[in-house]
Amino acid sequence: MVDIDVNSGFCFGVTRAIQRAEEVLQDGPLYCLGDIVHNGAEVERLANLGLVTIDHEQMAKLSGAKVLLRAHGEPPSTYRLAEANDIQLFDASCPVVLGLQKRIRQAYQQNPQAQIVIFGKEGHAEVVGLVGQTDGQAIVIEHEDQLERIDFQRDIFLFSQTTKSVDEFEALVLAIQNRIGKNVHFEHFNTICRNVANRVANLKQFAVEHDAVVFVGGQKSSNAKVLFHHCLEANQNTFFVSKDYELTDEWFAQLQKILLPKRLIDSKIGICGATSTPQWLMASVAQIIEKKSQE
């Protein structure tokens with residue numbers, strides 16, 4: 001038996017961005033600043049519809065073009081560039097990300113002597129947009145061993161990238177509290193998207209209910225890495241797959257070895273994915289496994 005986790009797949013922000021891209025593409029060419037979603041298969045699908053992925057350097061050379069801003073959000077400099085180059089922006093930034101940008105910008109402007117710290121992946125598109133709200137002054141921390149970047153004798157305002165782990169954020173809060181200087185003001189804000197946070201418990205439950213799990217996600221997706229890790233913790237028989245053609249005969253041989261003494265046709269196989277994983281790709285993976293089990 002093969003079944004797909006009903007809670008997996010695109011989050012609201014990604015769905016909104018892709019729908020916007022498809023709408024605009026009906027009227028002609030469209031550029032997208034960065035991969036519209038961290039899933040190679042979906043990027044390829046939209047490229048076939050005419051979506052051209054560019055970077056900031058390429059955008060700077062455009063004039064009078066149409067450019068889509070993806071769900072990750074952008075720093076203020078991107079909007080200034082678009083205005084200077086007469087570029088028509090289609091802003092598909094996730095409302096959750098935009099709300100976080102606003103909170104960070106207000107904290108930075110209202111507390112000029114404090115340190116704005118962001119729990120996130122340095123260089124990640126969303127984090128670049130968040131740091132941009134502070135004129136590049138925010139401190140990015142992903143692991144506890146990077147805490148030396150913080151001055152514990154100065155006030156600290158801690159925020160989180162929306163797709164990070166709640167447990168890791170709470171551990172970081174505790175680590176900072178244990179080092180903070182006397183009379184230093186420390187505020188922390190759990191700004192992790194509830195769409196991401198609420199999936200963890202459901203995903204773990206889904207994983208333990210199956211003999212093996214195939215997690216479908218993009219290699220570039222931070223959310224996929226976080227959710228896959230939780231899935232693997234719940235069920236060690238968890239495989240990470242980026243595209244359906246990765247399910248080769250060798251892959252199935254490895255799966256069958258894990259399932260022994262059960263046969264594939266007698267096993268419960270779960271298919272799940274990240275907030276950046278398209279439903280059609282999970283369905284394709286499920287179809288391939290179902291077909292193989294009938295052989």
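Predicted model: local features only at pLDDT ≥ 70, side-chain atom pairs only at ≥ 80, totals over all residues.
A salt bridge is a side-chain nitrogen of Lys or Arg within 4 Å of a carboxyl oxygen of Asp or Glu. Residues are numbered from 1 along each chain as its sequence is written, and side-chain values use heavy atoms, with hydrogens and water left out. Searching the whole structure turns up 11 salt bridges.

**Helix α8 to helix α9**
- Lys204 sits in helix α8 (residues 194-208) and Glu233 in helix α9 (residues 222-234), so their bridge ties together parts 29 residues apart in sequence. Helices (H or I, at least four residues) are DSSP runs, numbered from the N terminus.
- Lys204 is partly exposed at 29% relative accessibility; that label covers the range between buried (under 20% relative accessible area) and exposed (over 50%), using a 1.4 Å probe and protein chains only.
- Glu233 is partly exposed too, at 46%.

**Helix α1 to helix α2**
- Arg45 and Glu22 form a salt bridge at 2.8 Å, N to O.
- This pair links distant parts of the chain, 23 residues apart: Arg45 is in helix α2 (residues 40-48) and Glu22 in helix α1 (residues 12-25).
- Arg45 is partly exposed at 27%, and Glu22 is partly exposed at 29%.
- Glu42 joins in as well, giving a salt-bridge network of Glu22, Glu42 and Arg45.

**Another pair**
- Arg263 and Asp266 meet in a salt bridge at 3.0 Å, N to O.
- Asp266 is partly exposed, with 43% relative accessible area.

Technical notes
Helix = DSSP H or I, 4+ residues; strand = E, 2+ residues; numbered from the N terminus.
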